[in-house]
Amino acid sequence: MERPQGFLHVFLHSGKGLPAADFSVLKKASSDPYCVVSFDGQVHRTPTIKQSLEPVWDTPFSFQVGPFLPVPLLTLLGEKPQAAAKPDLQLSIDVFDEDSLSSDDLLGRVNLDIEQFMASPN
């Protein structure tokens with residue numbers, strides 16, 4: 001498969017039924033979730049939604065797919081095009097619970113093969 005070029009636009013809407021990672025005697029157990037979305041070495045982060053197991057982020061992201069400039073122009077500029085390497089077309093979404101006094105807790109992860117969407121967009 002030839003390496004695709006363009007942009008991948010992702011709209012991260014919400015999370016449902018997240019596990020509680022923060023426990024308190026006086027409050028109902030909850031999490032402070034945020035997402036880290038990555039594709040081909042590019043990383044974006046949603047805002048943190050405080051005390052929610054049903055967060056709504058409604059956050060758009062765009063990722064560059066392939067080189068921005070055409071291969072002949074890149075060659076002219078001295079760049080070596082990536083010909084043989086199979087592109088990593090995995091979109092990764094990691095959901096974390098934000099903690100202020102300790103490291104953030106991983107609540108869940110999903111990896112999506114973008115090639116499947118390109119082969120059958122419906």
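Q: What share of the contacts in the protein with a separation of 6 or more comes from residues 24 or more positions apart?
A: The model is a predicted one. Residues 24 or more positions apart account for 58% of those contacts.

Q: What secondary structure does the protein have, and what pattern does it follow along the sequence?
A: There are 2 helices and 6 strands. Read along the sequence, the pattern is β-β-β-β-α-β-β-α.

Q: How many residues does the protein have, and what percentage count as buried?
A: The protein has 122 residues, and 31% of them count as buried. Its accessible surface comes to about 8,300 Å². Carbon and sulfur atoms hold 58% of that surface.

Q: Why is Phe11 called exposed?
A: Its relative accessible area is 52%. Exposed means over 50%. Phe11 is therefore exposed. The residue sits in strand S1, residues 6–14.

Q: What does Phe11 touch, leaving out residues up to four places away in sequence?
A: Phe11 touches Asp58, Thr59 and Pro60. Phe11 and Asp58 are 47 residues apart along the chain, yet their C-alpha atoms are separated by 6.8 Å.

Q: Why is Ser52 called buried?
A: Buried means under 20% relative accessible area. Ser52 has 14%, so Ser52 is buried. Its place is the loop between strand S3 (42–45) and strand S4 (56–65).

Q: Which atom does the side chain of Ser52 reach, and at what distance?
A: The side chain reaches the backbone nitrogen of Glu54 at 3.1 Å. Neighbours within four places in sequence aside, Ser52 is in contact with Ser30, Ser31 and Pro33.

Q: Why does Gln90 count as partly exposed?
A: Gln90 has 29% relative accessibility. Buried needs under 20%, exposed needs over 50%, and partly exposed lies in between. So Gln90 counts as partly exposed. Gln90 belongs to strand S5.

Q: Which residues does Gln90 touch, not counting those up to four places away in sequence?
A: Gln90 touches Ser38, Phe39, Asp40, Asn111, Leu112 and Asp113. Take Ser38: Gln90 and Ser38 are 52 residues apart in sequence, and 8.3 Å apart in space, C-alpha to C-alpha.

Q: How do you know that Glu98 and Arg45 meet in a salt bridge?
A: The cut-off is 4 Å between a side-chain nitrogen of Lys or Arg and a carboxyl oxygen of Asp or Glu. In this pair the N to O distance is 2.9 Å, so the side chains of Glu98 and Arg45 form a salt bridge. The pair links distant parts of the chain, 53 residues apart: Glu98 is in the loop between S5 and S6, Arg45 in strand S3.

Q: What makes Glu98 and Lys50 a salt bridge?
A: Their closest N and O atoms are 3.2 Å apart. That is within 4 Å, so the pair counts as a salt bridge. Lys50 is in the loop between S3 and S4, 48 residues from Glu98.

Q: What makes Asp94 and Arg109 a salt bridge?
A: Their N to O distance is 2.6 Å. The limit is 4 Å, so the pair qualifies. Asp94 lies in strand S5 and Arg109 in strand S6, so the pair ties together parts that are 15 residues apart in sequence.

Q: Are Asp94 and Arg109 buried or exposed?
A: Asp94 has 12% relative accessibility and counts as buried. Arg109 has 54% and counts as exposed.

Q: Which residues do salt bridges that share partners join into one network?
A: They join Arg45, Lys50 and Glu98. The structure holds 3 salt bridges.

Q: What is the nearest side chain of opposite charge to the buried Asp99?
A: It is Lys50, 8.4 Å away. Asp99 is found in the loop between strand S5 (90–97) and strand S6 (105–113).

Notes:
Residues are numbered from 1 along each chain as its sequence is written. This is a predicted model: local features need pLDDT of at least 70, side-chain atom pairs count only at pLDDT 80 or more; totals for chains, interfaces and linings use all residues. Side-chain values use heavy atoms; hydrogens and water are left out. Helices (H or I, at least four residues) and strands (E, at least two) are DSSP runs, numbered from the N terminus. Buried means under 20% relative accessible area, exposed over 50%, partly exposed in between (1.4 Å probe, protein chains only). Lys and Arg count as positive and Asp and Glu as negative; His and the chain ends are not counted. Contact means heavy atoms within 4.5 Å. A polar contact is a pair of N or O atoms within 3.5 Å; within protein, one must be able to donate a hydrogen and the other to accept it, and residues adjacent in sequence count only if both atoms are side-chain atoms. Accessible areas come from the Shrake-Rupley method with a 1.4 Å probe; for residues, only the protein chains shown count as cover.
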